[in-house]
Each structure stands twice: as C-alpha cells, then as structure tokens.
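Hello,

Here is the structure we talked about. Please open it next to this note and follow along.

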Amino acid sequence: ASDVVVLELYHRDVSLKGKVQTIVEGVIADETGKLPFTSWIPLKGIDIGSFLRFEGAAVRVFRGVPSINFNEGTTVEIIEDPFDLPFSLESVSKVPEPSQIASILEKNGVFDVIVIGDIISIRPGSGMIERCPVCNRVTQKSNCRAHGQVECVSDMRMKLILDDGTGSVHVMLNSELSEAI
C-alpha cells in the first residue's frame, strides 16, 4: 500500500469505446516526490489536500514522465488521521532543488524537476506553428494526420537542447513559456 496526498485535482470527459467517461486527473505526492495520476474509477469525497492510501495501481511512462493509474483493480481509501505519516501537505508542496541532468538521465523518468543549463540549440519546428482545432496535433499545410484538411489554430512553441555540462535534454516549451523567454 502507498500513502499520498493530493496536490492537484481536476475532472475530464474522455470518449472510450464510443462512450463518454469522466476521469479524475491530478498530482499526488509523498516524501519521495510528486507524480501525476489518472483515475479511471470514481474518487468520491476526495479533494486537494486529501490523504489517500492506495493499492494495486499501475505505473505508466509516457514521454519519459511516469504516472500512476487507478483502475478497477485499485483500492483507494481516505486516510482520516494522517498525523503518523512521514510527510505533510506543506512538506511535499515545496519547489524541488535543482538537479544535474546526468542524475535525471540515470532514471527511467522524472516529474517535477528543475535543471539549470545553457541552451545549446534551438531545434527545427520552433516558432509559430499551426494546430488541428480538434486534436491539437501540429498540422502540415493545413492537413492533420487524423482529421485531414482543417481550419488551423495558430500556436507557438520552442524546441531546445539544454546542457548543464553533465548531460543534455530535449526541452519543449509551450506558447506561454516561449513568450516568456
């Protein structure tokens, strides 16, 4: 069993096998770190700041970011008296200390990390791009791989290589972060 606290929580409707299902997504944490989660089962009475004990969850890694999936085989219960836990909402909500890129590359995936380095390359595909209004994929000449010819939505992104002397990582910045830089 694992004990965690909920840091972020939101609901999203997804279409699964022709049926719309509401899933719960967010971020959970314990004394070792934070991870995103997706729950395919209802989480009644759970909110931001709730302490949970779960068992039988699945770990999924997508694009180097691990996440926890709650499904039919997962049991989730609210911890009413979390005072015996080795962490608190405040202790797990802190901003992480910067890490060396080499230490991140040794792991199979990380979430909620800070690295400091130099931008050594701005990659092709950076700048203004066009996206499909349905699936948000980048389009080529107003053509979406999934939806064909579409009325595109303008967006901006930056694809960078960041190096700190111990290693390098590919960084993709959304429009908000690209504009800030």
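**Pockets and sheet**

The largest pocket has a volume of about 1600 Å³. Keep in mind that this is a predicted model.

Its lining counts 30 residues. Phe62, Arg63, Gly64, Val65 and Met172 lie nearest the centre of this pocket. Six elements are listed here as giving two or more residues to the lining: strand 2 (19-30), strand 3 (33-39), strand 5 (58-62), strand 6 (65-70), helix 2 (101-105) and strand 13 (168-173). Strand 13 gives the largest share, 5 residues. By class, the lining has 17 nonpolar, 6 polar and 7 charged residues.

The second largest pocket has a volume of about 530 Å³. It is lined by 26 residues. Nearest its centre are Thr32, Gly33, Lys34, Leu35 and Phe111. Two or more lining residues come from each of strand 1 (2-16), strand 2, strand 3 and helix 1 (89-92). The classes here are 14 nonpolar, 5 polar and 7 charged.

How do strand 4 and strand 7 run, and how many bridges join them? They run antiparallel, joined by 4 bridges, with strand 4 covering residues 51-55.

Best wishes

Technical notes: Residues are numbered from 1 along each chain as its sequence is written. This is a predicted model: local features need pLDDT of at least 70, side-chain atom pairs count only at pLDDT 80 or more; totals for chains, interfaces and linings use all residues. Side-chain values use heavy atoms; hydrogens and water are left out. On a 1 Å grid over the protein atoms alone, a cavity is a set of points where a 1.4 Å probe fits but cannot get out, and a pocket is an open set with protein on both sides within 12 Å along at least five of seven lines; lining residues have an atom within 4 Å of a point. Grid points are joined across faces, edges and corners, and a volume is the space filled by probe spheres set on the points. Ala, Val, Leu, Ile, Met, Phe, Trp, Tyr, Cys and Pro count as nonpolar, Asp, Glu, Lys and Arg as charged, and the others, Gly among them, as polar. Two strands pair if DSSP finds at least two bridges between them.
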